[in-house]
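My plan is to look things up one at a time and jot down what turns up.

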Amino acid sequence: MHRSSLAPWPGTAAWLLVMLLALAAPENLCAHGAMIDVSQTTGVVIQAGYDTGQPMSEAQVTVYAPDNPATPWKTGQTDADGRFSFVPDPAIPGTWAIQARQAGHGAMAHIRIDSPRDAPSEPSSHVLSHPATRLPSGVTPWQHALMIGSVVWGCVGTALFFSRRKPFCR
């Protein structure tokens, strides 16, 4: 029996074509992270959204006060544009934590309020996401290319292994 050199086993060409198409457009395969922008008016207004620019509409929001960071101080939901506002208790100075979560994605921001007359300091935002759906934000283009090259090298090596003419065991 003679095997074709182009297709070492049935479906290989189709599988390799799918892999090449997936690698040609990796931005379509990556999930998105989430972000929160915080601003102050008479209270605190957050704008929750994904890193693609799409708002996190109807996301669950939890606010934690500095005096009890384990228990939610206030909960709610963002509007259709990803906005949520609240007025922190001026008798509780310190760093307030605001978390927004939707469909496995989430973000947390911290805002410092020292006294009732002080304006909140610059907020710090943190991107949280489901670990199985998001690459770390610090992945450089070279690291991304290395990962893609490793997958291609593994596919080619596997195809060459199974296309050998000699059996593995004697």
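What pLDDT does the chain average, and what share of the residues score at least 70? The average is 74, and 61% of the residues score at least 70. I note that pLDDT is the predictor's confidence in each residue, from 0 to 100. This is a predicted model, where local features need pLDDT of at least 70 and side-chain atom pairs count only at pLDDT 80 or more, while totals for chains, interfaces and linings use all residues. Residues are numbered from 1 along each chain as its sequence is written, and side-chain values use heavy atoms, with hydrogens and water left out.

A reminder to myself: where pLDDT is low, the predicted coordinates should not be read in detail.

**Entry: the overall layout**

I find two helices and eight strands in the chain. These are DSSP runs numbered from the N terminus, with helices being H or I of at least four residues and strands being E of at least two. From the N terminus on, the order reads α-β-β-β-β-β-β-β-β-α.

How many of the 170 residues count as buried, in percent? The figure is 26%, where buried means under 20% relative accessible area, exposed means over 50%, and partly exposed is in between (1.4 Å probe, protein chains only). The chain exposes about 11,300 Å², and carbon and sulfur atoms supply 61% of that. The areas come from the Shrake-Rupley method with a 1.4 Å probe, and for residues only the protein chains shown count as cover. Of the contacts with a separation of 6 or more, 48% are between residues 24 or more positions apart.

**Entry: aromatic rings**

I searched the whole structure for aromatic pairs and got four. The rule: rings of Phe, Tyr and Trp (its six-membered ring) pair if their centres lie within 6.5 Å, with planes under 30 degrees apart counted as stacked, over 60 as edge-to-face and the rest as tilted. W73 and W96 make an edge-to-face pair, 4.8 Å centre to centre with 80° between the planes. W73 sits in strand β4 (residues 72-77) and W96 in strand β6 (residues 94-102), so this pair ties together parts 23 residues apart in sequence.

Are these two buried or partly exposed? W73 is partly exposed at 33% relative accessible area, whereas W96 is buried at 0%.

W96 turns up again with F86, in a tilted pair at 6.4 Å centre to centre and 40° between the planes. F86 belongs to strand β5 (residues 83-86) and W96 to β6, so the pair ties together parts 10 residues apart in sequence. F86 is buried too, at 4% relative accessibility. Ring pairs link W73, F84, F86 and W96 into a cluster.

T62 is in strand β3 (residues 60-64) and is buried at 14%. Which residues does T62 touch, leaving aside neighbours within four places in sequence? I get P72, K74, T75, A97, I98 and Q99.

Q99 lies in strand β6 and is buried at 15%. R101 and T78 are 23 residues apart in sequence and 9.9 Å apart, C-alpha to C-alpha.

**Entry: positive phi**

Most residues other than glycine have a negative phi. I noted E58, with a positive phi of about 55°, in the loop between β2 (44-50) and β3; E58 is exposed at 54%. A103 has a phi near 50° and lies in the loop between β6 and β7 (105-113), exposed at 71%.

V156 lies in helix α2 (residues 141-162) and is partly exposed at 39%.

Key: Contact = heavy atoms within 4.5 Å.
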